[in-house]
Every structure is written in C-alpha cells, then in structure tokens.
Amino acid sequence: MKKLKRIAVAALILLALAVGWAGWSWVNISVTGVQAGDLAIAHVGGGAATTPDLEWEGWRWAWNLEVWQDGLVHEIYVDARTGRIIRHEIDN
C-alpha cells in the first residue's frame, strides 16, 4: 500500500510540474496570432493564412495555421514566444 501511495504522490508531483511549466510558458507568449500569420506568410513567400490556433507543441506554445499559396496548403507552426518557425509541412 505504501508503494502505491508513493507512486501516486510522484505522479501528482510530475503533473503539477507539467501544469506549472505550461502556465509559466503561457505568461511568456510574446507573438500574437496576427504576427504569427504574418511570419508564416513571409516564410512561405506569400499567400493567405487561416486563423491561427494556439497549441501546446513539443513542450512549448505554438501558433498553428495554414497558408494557402499556388494551390498548396502549408501547415506552419510558429513558436509563440520567439516567433521562430518550428515546423512546416506541405499538403496538396
């Protein structure tokens, strides 16, 4: 029974750390959704962007949006703290 309690306490501590990290990084968001759209369009070289969604991506907050250009759909992830493009995928 003591072992089960220790595991439960350890799991709660890890959960609290993860929630704390997510909350702390939320405070540090410095790139707006509009800025993320502009950065994504510039990265692709033009086009039209969808409304960005803020998502928890790879232990950081990132704006996820699509940029439509020349018949291609570019899925772009922009780091919400730095503005760096962290992922770019192309769909037909």
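Q: Which residue in β4 is the bridge partner of tryptophan 68?
A: In β4, tryptophan 68 has valine 73 as its bridge partner. This is a predicted model: local features need pLDDT of at least 70, side-chain atom pairs count only at pLDDT 80 or more, and totals for chains, interfaces and linings use all residues. Residues are numbered from 1 along each chain as its sequence is written, while side-chain values use heavy atoms, leaving out hydrogens and water.

Q: Why are β3 and strand β4 said to pair?
A: A strand is a DSSP run of E, at least two residues long, numbered from the N terminus. Two strands pair if DSSP finds at least two bridges between them. β3 and β4 (residues 72-79) have 8 bridges, in the antiparallel sense, so they pair.

Q: What makes strand β3 largely enclosed by the rest of the structure?
A: Buried means under 20% relative accessible area, exposed over 50%, and partly exposed in between (1.4 Å probe, protein chains only). In β3 (residues 61-69), 7 of the 9 residues are buried, so the strand is largely enclosed.

Q: Why is the contact of aspartate 79 with arginine 60 called a salt bridge?
A: The term needs a side-chain nitrogen of Lys or Arg within 4 Å of a carboxyl oxygen of Asp or Glu. Here the closest N and O atoms are 3.9 Å apart, so the pair qualifies.

Q: Is aspartate 79 buried or exposed, and how do you know?
A: Aspartate 79 has 5% relative accessibility, so it counts as buried.

Notes: Helix = DSSP H or I, 4+ residues; strand = E, 2+ residues; numbered from the N terminus.
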